[in-house]
Amino acid sequence: MKGLYFQQSSTDEEITFVFQERENLPVTEDNFVKLQVKACALSQINTKLLAEMKMKKDLFPVGREIAGIVLDGILPLDSEDPGLCEVVRVHEHYLVHKPEKVTWTEAAGSIRDGVRAYTALHYLSHLSPGKSVLIMDGASTFGTIAIQLAHHRGAKVISTACSLEDKQCLERFRPPIARVIDVSNGKVHVAESCLEETGGLGVDIVLDAGVRLYSKDDEPAVKLQLLPHKHDIITLLGVGGHWVTTEENLQLDPPDSHCLFLKGATLAFLNDEVWNLSNVQQGNYLCILKDVMEKLSTGVFRPQLDEPIPLYEAKVSMEAVQKNQGRKKQVVQF
């Protein structure tokens with residue numbers, strides 16, 4: 001029985017994925033189950049986080065968002081079994097039941113982005129009806145789920161588009177997005193657009209997709225076109241607002257901190273892996289997984305999924321995912 005693995009010794013420029021023959025699964029222990037995998041979603045592997053967690057291995061298993069018989073869930077960060085395999089062994093505390101209305105590919109393709117959206121909007125920024133939310137890069141797989149969750153909670157949503165295709169995609173959302181800001185040409189100021197949309201009050205919640213830390217001369221041109229400067233985010237944030245960032249290397253100067261202090265604003269870092277790093281939050285984590293499945297079943301979440309791919313194409317597809325190529329979620333179907 002083969003599984004797909006990532007070679008950690010490779011550099012970011014030379015990413016290597018290999019199929020490896022696996023030994024037979026050990027006898028199932030207490031609280032563990034064997035899961036016949038029906039679908040597995042592909043997501044980028046955070047090699048930097050693995051190194052910081054001192055989880056170095058010659059081969060690291062690929063594929064953690066899985067759906068199958070008997071159950072459905074996300075494999076923990078330290079799992080030795082790849083999700084891209086016919087059968088895996090997993091602890092029952094990482095699994096929730098899949099509703100009958102939800103397909104295997106929908107379950108696997110939505111679970112991770114659903115957890116991230118809940119973490120950002122519910123636990124880190126305390127989203128409530130009537131709040132205004134800026135969701136950067138709303139046409140991404142994560143941005144789509146975040147917008148749908150914000151709309152479901154009764155929030156006013158503003159979003160940015162990185163291309164004409166993304167803009168058209170966001171304009172088709174129902175309920176409609178309050179304003180779609182096209183940043184593809186680099187001429188539109190996100191802060192000005194948000195302040196105009198909110199009558200100068202600023203937005204209550206900002207969920208970024210990365211920010212520009214330095215001046216234009218010190219950053220790559222491609223990154224400049226898509227990301228706002230950190231000062232823009234601080235400017236458009238309203239009094240008592242929440243900034244949830246995915247920029248792990250964010251640096252704030254004293255004037256930036258002082259501005260946030262004057263606004264009584266908060267800054268939080270979005271790392272969805274925290275749920276698997278401690279058992280203290282296990283109950284909340286399972287509630288999130290269950291809620292994501294329920295919202296899939298009721299049609300609140302409508303994920304952007306690419307056509308399912310067979311297992312033999314998983315290696316090539318995973319290489320593209322690791323390079324952040326493509327806009328829709330890739331799911332391997334067994």
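**Strand pairing and aromatic contacts**

Trainee: In β12, what is the bridge partner of Val 133?
Mentor: In β12, Val 133 has Ile 205 as its bridge partner. Strands (E, at least two residues) and helices (H or I, at least four) are DSSP runs, numbered from the N terminus.

Trainee: What sort of model are we reading, and how are residues numbered?
Mentor: It is a predicted model, in which local features need pLDDT of at least 70 and side-chain atom pairs count only at pLDDT 80 or more, while totals for chains, interfaces and linings use all residues. Residues are numbered from 1 along each chain as its sequence is written, and side-chain values use heavy atoms, with hydrogens and water left out.

Trainee: How many bridges join β9 and β12, and in which sense do they pair?
Mentor: There are 3 bridges between β9 and strand β12 (residues 203-207), in the parallel sense. Two strands pair if DSSP finds at least two bridges between them.

Trainee: And how many bridges join β9 to β10?
Mentor: β9 and strand β10 (residues 156-161) run parallel and are joined by 4 bridges. Ser 159 in β10 is the bridge partner of Ile 135.

Trainee: Which way do the residues of β9 point?
Mentor: In strand β9 (residues 132-135), Ser 132 and Leu 134 point one way, Val 133 and Ile 135 the other way, and all are buried. Buried means under 20% relative accessible area, exposed over 50%, and partly exposed in between (1.4 Å probe, protein chains only).

Trainee: New topic: how many aromatic pairs does a search of the whole structure find?
Mentor: The search finds 2 aromatic pairs. The ring centres of Tyr 123 and Trp 275 are 5.1 Å apart and their planes stand at 70°, so this pair is edge-to-face. Tyr 123 in helix α2 (residues 104-124) and Trp 275 in helix α9 (residues 274-277) are 152 residues apart, so the pair links distant parts of the chain. Rings of Phe, Tyr and Trp (its six-membered ring) pair if their centres lie within 6.5 Å; planes under 30 degrees apart count as stacked, over 60 as edge-to-face and the rest as tilted.

Trainee: Is Trp 275 buried or exposed?
Mentor: Trp 275 is buried, with a relative accessible area of 6%, whereas Tyr 123 is partly exposed at 28%.

Trainee: Which residue forms a stacked pair with Trp 275?
Mentor: Tyr 285 does, at 6.5 Å centre to centre with 20° between the planes. Tyr 285 lies in helix α10 (residues 282-298) and Trp 275 in helix α9, so the pair ties together parts 10 residues apart in sequence. Tyr 123, Trp 275 and Tyr 285 form one aromatic cluster.
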